[in-house]
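Hi,

Here is the structure I promised to pass on. Have a look, then read my notes below.

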Amino acid sequence: EAPAETETEAPATSHEHTRTGMSKASLKQAYIDNLFYIQGRFREVATPHDLYMAAAFTVRDRMLERWVKSAQVYKSSRARTVCYLSAEYLLGPHLANNLVNLGIAEVAQRAGEELDLDFKAILEEEEEPGLGNGGLGRLAACYMDSLATVQIPAIGYGIRYEFGIFDQIIEDGWQVERSDTWLRNGNPWEIPRPKISFPVMYGGHTEHYRDQAERPRVRWIPDMVISGVAYDTPVLGYGVGNVNLLRLWKAEATESFDFQTFNVGDYYGAVHAKIEAETISKVLYPNDDPEAGKELRLKQQYFFVSCSIQDMIRLHLNTVGPLETFHEKFVAQLNDTHPAIAVAELMRLLMDDHAVTWDDAWATTRATFCYTNHTLLPEALETWSVALFERLLPRHLEIIYEINRRFLDEVRVRYLGDEERVARMSLIDEAGGRRIRMAHLAVVGSRAVNGVAALHSELIKTTLLKDFYEMAPERFHNVTNGVTPRRFIVVSNPRLAELITEVCGHDRWIRDLDSLRELEAHADDPKLQARWREVKTAAKRDLAVWLKRHAGVLLDPQTMMFDIQAKRLHEYKRQHLNVLHIIRVYQRLKQNPNLGMVPRAFIFGGKAAPGYYMAKLMIKLINAVAEVINNDPQVNGYIRVAFMPDFNVKNGQRLYPAADLSEQISLAGKEASGTGNMKFSMNGALTVGTLDGANIEIREEVGAENFFLFGMTAEEVRRKQDEGYRPWDYYHGDQELKSDIDLIASGLFSHGDTNLFRPLTEHLIHQDPFMVLADYRAYLECQDRISTVYDRPAEWDRMSILNVARMGKFSSDRSIREYAERIWSIEPQPLGA
Ligand code: GLG
């Protein structure tokens, strides 16, 4: 909000403190102060990084005041609090987002101009905290933004990884991973809390004994203890005074333990112990799905869970106490099974440390946790070998066995004689090596379970957790994912935000996304359509400039449709289906160079898990096809292919505004929700998609006539799989399909090397687990329809406007309100801005 002109010219006065004032004068004064007193610099010698740090501290100061006030109010009102437990937070750059949420983006920009600062360059200087892999981690970040915005007291708990998701560079068309050193230059947004630290134990054995009251008790004698230290980042809501806490744990050696008790006189041993301890929060596992048996990963999970639960107990005893009311003060949401060990950890702490009985501890535990499932893919369902658990967490294994014993007794009583069902529902998978099923632990230990889109939540009930659903249907819910319009419209697409505000006559839509419906009335207005198109073209121009520099590809933002698929590389997401379409268009153009077609830029972005060979080969294939097409003057006026390196939040913010077409083409039933689909659509891209995940609900909202649908339904997929799917038949039954696959195999895209892509083409022809070939023809036909419509700008623009107008449902504010009402039973605690 711009203060009146006279006010902005006034000097910063005592009532307009340089640490809190929001006027232009205050901001300028504060900036210069911070540059001097924190960075120790004056303008002439300041590096770009100094300039960024001074800006960050200027903004942070303004958040701290609100933070302290929120903490005071939450404390005195003893507000019920959500604890979001997540191994990942894919936060993205803070500075621009915090400026927007503080409501000072414009005045800060003007202050910057008057100080002769390059505002854009300062924003670009920030290294984003990439503490997550993809959708799951970014969802946690969107939810933190919305929790604060809808004014729900919340703490996000996680791990302060020293190295987040790797940086991706492309060399000779292949992905190469570089370590992410986001903390190298310091992190102005976090505040270390060395005094908030907890011991975390591993290994050793347990002892059963009787306490003074003759009650049976258990004591865990570990063989390793480390400590977790809190690092706090404030999370400010948009246009409100509420600031929540993101508390990430860093692993450190426990001096008293390692240096004295165990390593007397053994200096090198002590140093080794320190290194081993610090390893635990060193690096994020760069996989979307867990690698079986990685001990360090289990150590990480237990590490942050143990610190978080201990912290919650401390907070409770400090403010509310006694422990019987723990579940009234806190509700803990498990973001996937990564923190599922929390169920056993809360039981352990209540019983072993606080002498609570099993029954009372179990009642508290069951009332505290809720679990969100994010995937049905079998390889992503976490299990841990019993042997590893026994070695690392012996006490937790005992507790899990006891939970299981009691639970299976309930199952037996309910389903007399059905031992098959008992085996299916057990927390222990007895087949092969015995393994603990973390999803079952999460379900049994929670009072609510939810999926992340309507279809996904249905499939949970009918497939993955069918037995559990039958036993307690009332505990199963759906909360469709959402994304924050602050970051994904206001921050990333300021031109669109401005246009929307102008057309609606207010900026209320930023926290009430349903009010975008007001755009509907103008969807056919040629004047709006023209401006809409200008905004899109400007974003495409920005992206083209960036891609020229960073991918060496020249795209024409004026004439080309920007067709974008940006997400993790995975076979189920079917980037190779997209590639087959590109090859088809290429062949058509080669056969008929005068084919009048809508020019298209095919743009990809996404990382592959470093150990996922097929995904890495898909990246190579995209780049190989790009090389041939982009250098073929016969076609490159019509089609170009670009691979954006290092798709992360920052680069995503360049893509979403520039997309005409959003590719959401996973095999139906595989993508739990998707959230990129929402980000694209919110920025006016039309979707080509299957009936999968949240695509279904997006299509329902925007209207079937404004969505390009193709492909089999989840039901048809299942039937085809049951019948026995034979990709070979499709390959031989479709001349064009065969020739597209054969062209890859021929070596055309690999300088004559006929072996390079063989694993990919052979896999498609013989296995094709994600049924690329079965959906190929429908996809091509749909793409042809898309080109036809794109050729009619008024129609396309109308559809684009209607897409944005009807995206209200996909604000993460709506998701959080649903969690608050239906799952958490928690009320907002309003604090004024
Ligand atoms: C998962 C799923 C996505 C989902 C996301 C957030 O694969 O479909 O949108 O969580 O719920 N691992 C993921 O990214």
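Where is the place of proline 322? Proline 322 is in the loop between helix H10 (295-319) and helix H11 (326-329). Helices here are DSSP runs of H or I with at least four residues, strands are runs of E with at least two, and both are numbered from the N terminus.

Some ground rules. This is a predicted model, where local features need pLDDT of at least 70, side-chain atom pairs count only at pLDDT 80 or more, and totals for chains, interfaces and linings use all residues. Residues are numbered from 1 along each chain as its sequence is written, and side-chain values use heavy atoms, with hydrogens and water left out.

Back to the loop. The peptide bond from glycine 321 to proline 322 is cis, with omega near -15°. Aspartate 336 has a positive phi of about 70°, although it is not a glycine. Aspartate 336 is in the loop between strand S12 (330-335) and helix H12 (342-353). Most residues other than glycine have a negative phi, and most peptide bonds are trans.

Now the ligand. Residues around the ligand (a heavy atom within 4 Å) include His374, Asn481, Tyr572 and Ser673. Domain 2 (83-93 + 128-446) and domain 3 (497-815) both give residues to this shell, so the ligand lies between them. The domain bounds come from an automatic or database domain assignment.

Check the polar contacts (N or O pairs within 3.5 Å). A polar side-chain atom of histidine 374 is 2.6 Å from a ligand oxygen. For a side-chain N or O atom of asparagine 481, the distance to a ligand oxygen is 2.8 Å.

Best wishes

Notes: Polar contact = N/O pair within 3.5 Å; in protein donor to acceptor, adjacent residues only side chain to side chain.
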